[in-house]
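Please view the sequence and the structure below before reading on.

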Amino acid sequence: RNVDFALYYSTIKWLEMQGLKAVRIGSDVERTYECKNLVDYASARGSFDDPDLLDLYLMANCRLYVGHGSGVTGMSCMFNTPGVCVNWFPYLPASRPTANITACRVKKLKVLGNILSEFQSRHFFELANWPQIYGASEEIEVIDNTPDEILDTVQKAIVGAMEKSNAA
(Lines give C-alpha, C1' and ligand atoms only; values in the text may rest on other atoms or scores of the structure.)
Protein backbone atom coordinates (compact mmCIF):
# COMPACT_ATOMS: atom_id res chain seq x y z
CA ARG A 1 0.00 0.00 0.00
CA ASN A 2 1.21 3.48 -0.59
CA VAL A 3 2.32 4.71 2.79
CA ASP A 4 4.78 7.34 3.88
CA PHE A 5 7.74 5.00 4.19
CA ALA A 6 9.61 7.63 6.20
CA LEU A 7 7.52 6.37 9.15
CA TYR A 8 9.86 3.34 9.12
CA TYR A 9 13.20 5.22 9.19
CA SER A 10 13.78 4.94 12.95
CA THR A 11 13.00 1.21 12.73
CA ILE A 12 15.37 0.80 9.79
CA LYS A 13 18.13 2.54 11.77
CA TRP A 14 17.48 0.26 14.77
CA LEU A 15 17.60 -2.81 12.52
CA GLU A 16 21.01 -1.68 11.29
CA MET A 17 22.27 -1.59 14.89
CA GLN A 18 21.06 -5.21 15.19
CA GLY A 19 22.99 -6.19 12.04
CA LEU A 20 19.81 -6.54 9.94
CA LYS A 21 19.15 -4.99 6.53
CA ALA A 22 15.75 -3.57 5.54
CA VAL A 23 14.36 -4.31 2.09
CA ARG A 24 11.27 -2.58 0.71
CA ILE A 25 9.24 -4.80 -1.60
CA GLY A 26 6.05 -4.14 -3.52
CA SER A 27 4.91 -2.68 -6.80
CA ASP A 28 3.20 0.42 -8.14
CA VAL A 29 5.06 2.63 -5.71
CA GLU A 30 4.62 6.38 -5.81
CA ARG A 31 8.21 7.34 -5.05
CA THR A 32 11.72 6.18 -4.21
CA TYR A 33 12.95 6.29 -0.63
CA GLU A 34 16.57 6.70 0.36
CA CYS A 35 17.69 5.73 3.81
CA LYS A 36 20.91 4.19 5.04
CA ASN A 37 20.38 0.44 5.54
CA LEU A 38 17.38 0.36 3.16
CA VAL A 39 17.35 -1.48 -0.15
CA ASP A 40 14.42 0.05 -2.03
CA TYR A 41 13.75 -2.92 -4.27
CA ALA A 42 10.16 -1.72 -4.85
CA SER A 43 11.42 1.30 -6.76
CA ALA A 44 13.98 -0.71 -8.75
CA ARG A 45 11.85 -3.76 -9.58
CA GLY A 46 11.15 -2.55 -13.12
CA SER A 47 14.79 -3.16 -14.00
CA PHE A 48 14.50 -6.92 -13.34
CA ASP A 49 13.31 -9.49 -15.89
CA ASP A 50 10.88 -11.23 -13.55
CA PRO A 51 10.33 -9.05 -10.50
CA ASP A 52 7.40 -11.09 -9.13
CA LEU A 53 9.64 -14.13 -8.68
CA LEU A 54 12.20 -11.97 -6.89
CA ASP A 55 9.44 -10.80 -4.51
CA LEU A 56 8.77 -14.46 -3.72
CA TYR A 57 12.47 -15.18 -3.25
CA LEU A 58 12.93 -12.21 -0.91
CA MET A 59 9.91 -13.18 1.21
CA ALA A 60 10.97 -16.83 1.39
CA ASN A 61 14.45 -15.88 2.59
CA CYS A 62 13.88 -12.93 4.89
CA ARG A 63 14.05 -13.22 8.67
CA LEU A 64 11.07 -10.95 9.44
CA TYR A 65 8.29 -9.33 7.46
CA VAL A 66 7.06 -5.92 8.61
CA GLY A 67 4.13 -4.36 6.85
CA HIS A 68 0.41 -3.71 6.67
CA GLY A 69 -2.47 -6.06 6.13
CA SER A 70 -2.19 -6.69 2.40
CA GLY A 71 -1.54 -9.43 -0.13
CA VAL A 72 2.12 -9.38 0.81
CA THR A 73 1.15 -10.29 4.37
CA GLY A 74 -0.49 -13.42 2.97
CA MET A 75 2.69 -14.20 1.07
CA SER A 76 4.69 -14.03 4.31
CA CYS A 77 2.29 -16.58 5.80
CA MET A 78 2.76 -18.85 2.79
CA PHE A 79 6.49 -19.05 3.57
CA ASN A 80 5.92 -19.11 7.35
CA THR A 81 8.06 -16.00 7.63
CA PRO A 82 7.58 -14.41 11.05
CA GLY A 83 5.78 -11.14 10.64
CA VAL A 84 4.80 -7.90 12.26
CA CYS A 85 1.75 -5.94 11.19
CA VAL A 86 1.73 -2.22 11.76
CA ASN A 87 -0.96 0.19 10.70
CA TRP A 88 -3.28 -2.82 10.81
CA PHE A 89 -6.79 -1.78 9.99
CA PRO A 90 -9.42 -4.37 10.93
CA TYR A 91 -11.42 -3.75 7.75
CA LEU A 92 -13.75 -6.64 8.41
CA PRO A 93 -15.47 -7.21 11.70
CA ALA A 94 -13.39 -9.78 13.61
CA SER A 95 -10.60 -9.76 11.00
CA ARG A 96 -7.22 -10.99 12.11
CA PRO A 97 -3.76 -10.88 10.58
CA THR A 98 -2.34 -14.15 9.26
CA ALA A 99 -1.11 -16.91 11.59
CA ASN A 100 2.59 -16.04 11.20
CA ILE A 101 2.15 -12.53 12.60
CA THR A 102 3.90 -12.39 15.98
CA ALA A 103 3.03 -8.78 16.80
CA CYS A 104 0.32 -6.45 15.56
CA ARG A 105 -0.21 -2.73 16.00
CA VAL A 106 -3.67 -1.48 15.08
CA LYS A 107 -4.35 1.96 13.67
CA LYS A 108 -6.23 4.10 16.15
CA LEU A 109 -9.61 5.57 15.38
CA LYS A 110 -10.89 9.01 16.14
CA VAL A 111 -14.65 8.76 16.57
CA LEU A 112 -16.78 11.86 17.14
CA GLY A 113 -13.64 13.80 18.05
CA ASN A 114 -12.40 11.27 20.63
CA ILE A 115 -9.24 9.22 19.98
CA LEU A 116 -9.88 5.61 20.91
CA SER A 117 -7.15 3.47 22.41
CA GLU A 118 -5.70 0.69 20.27
CA PHE A 119 -7.84 -1.79 22.24
CA GLN A 120 -11.00 0.28 21.71
CA SER A 121 -10.19 0.78 18.02
CA ARG A 122 -9.75 -2.94 17.43
CA HIS A 123 -12.90 -3.85 19.30
CA PHE A 124 -14.97 -1.15 17.65
CA PHE A 125 -14.72 -3.20 14.47
CA GLU A 126 -14.90 -6.59 16.13
CA LEU A 127 -18.14 -5.71 17.90
CA ALA A 128 -19.78 -3.73 15.12
CA ASN A 129 -21.71 -5.09 12.17
CA TRP A 130 -21.56 -3.63 8.65
CA PRO A 131 -24.58 -1.30 9.02
CA GLN A 132 -23.05 0.12 12.22
CA ILE A 133 -19.64 0.61 10.58
CA TYR A 134 -21.12 2.33 7.54
CA GLY A 135 -23.34 4.43 9.76
CA ALA A 136 -20.35 5.64 11.77
CA SER A 137 -18.01 6.06 8.79
CA GLU A 138 -18.76 9.78 8.46
CA GLU A 139 -17.59 10.26 12.05
CA ILE A 140 -14.41 8.11 11.92
CA GLU A 141 -10.87 9.26 11.23
CA VAL A 142 -8.10 6.66 10.98
CA ILE A 143 -4.79 7.54 12.64
CA ASP A 144 -1.59 5.87 11.38
CA ASN A 145 0.89 4.38 13.80
CA THR A 146 3.71 6.72 14.77
CA PRO A 147 7.35 5.93 14.03
CA ASP A 148 7.83 5.16 17.75
CA GLU A 149 4.89 2.71 17.75
CA ILE A 150 6.28 0.94 14.68
CA LEU A 151 9.76 0.72 16.24
CA ASP A 152 8.35 -0.57 19.54
CA THR A 153 6.33 -3.28 17.79
CA VAL A 154 9.30 -4.47 15.71
CA GLN A 155 11.63 -4.45 18.72
CA LYS A 156 9.22 -6.59 20.75
CA ALA A 157 8.84 -9.06 17.88
CA ILE A 158 12.58 -9.42 17.29
CA VAL A 159 13.46 -9.69 20.98
CA GLY A 160 10.68 -12.30 21.39
CA ALA A 161 11.98 -14.28 18.41
CA MET A 162 15.53 -14.18 19.77
CA GLU A 163 14.35 -15.39 23.18
CA LYS A 164 12.47 -18.29 21.55
CA SER A 165 15.47 -19.36 19.49
CA ASN A 166 17.78 -19.17 22.54
CA ALA A 167 15.36 -21.30 24.57
CA ALA A 168 15.19 -24.02 21.89
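A salt bridge is defined here as a side-chain nitrogen of Lys or Arg within 4 Å of a carboxyl oxygen of Asp or Glu. By this criterion, R45, D52 and D55 are linked in a network of salt bridges, and the structure holds seven salt bridges. The model is predicted, so local features need pLDDT of at least 70 and side-chain atom pairs count only at pLDDT 80 or more, whereas totals for chains, interfaces and linings use all residues. Residues are numbered from 1 along each chain as its sequence is written, and side-chain values use heavy atoms, with hydrogens and water left out.

- Helices (H or I, at least four residues) and strands (E, at least two) are DSSP runs, numbered from the N terminus.
- Helix 1 spans residues 9-17, and T11, I12, W14 and L15 are buried in it; buried means under 20% relative accessible area, exposed over 50%, and partly exposed in between (1.4 Å probe, protein chains only).
- These four residues lie on the same side of helix 1, because they cover an arc of only 160° around the axis, the arc being that of the directions from the helix axis to the C-beta atoms.
- Just after helix 1, G19 adopts a positive phi of about 80°.

- N37 is located in the loop between strand 1 (22-23) and strand 2 (38-39), and its relative accessible area of 9% makes N37 buried.
- A polar atom of the N37 side chain lies 3.1 Å from the backbone oxygen of I12, and the side chain of N37 also reaches the backbone oxygen of L20 at 2.9 Å.
- Such a polar contact is a pair of N or O atoms within 3.5 Å; within protein, one must be able to donate a hydrogen and the other to accept it, and residues adjacent in sequence count only if both atoms are side-chain atoms.
- Residues up to four places away in sequence not being counted, N37 touches I12, L15, E16, L20, K21 and A22, where contact means heavy atoms within 4.5 Å.

- Three strands form an open sheet in the order 7-6-8, with antiparallel pairing; two strands pair if DSSP finds at least two bridges between them.
- Strand 7 (114-115) and strand 8 (140-143) stand at the edges with a single partner strand each, so one side of each has no neighbour in the sheet.
- Four bridges join strand 6 (residues 108-111) to strand 8 in the antiparallel sense, and K110 has E141 in strand 8 as its bridge partner.

**Individual salt bridges**

- K36 forms a salt bridge with E16, with the closest N and O atoms 3.5 Å apart.
- This pair links distant parts of the chain, K36 being in the loop between strand 1 and strand 2 and E16 in helix 1, 20 residues apart.
- K36 is exposed at 64% relative accessibility, whereas E16 is partly exposed at 32%.
- K107 and D144 meet through their side chains in a salt bridge at 2.9 Å, N to O.
- K107 counts as buried at 17% relative accessibility, while D144 is partly exposed with a relative accessible area of 37%.
- K156 forms a salt bridge with D152, with the closest N and O atoms 3.2 Å apart; both residues lie in helix 7, four residues apart, about one turn of the helix.
- K156 is exposed at 54% relative accessibility, and D152 is partly exposed at 25%.
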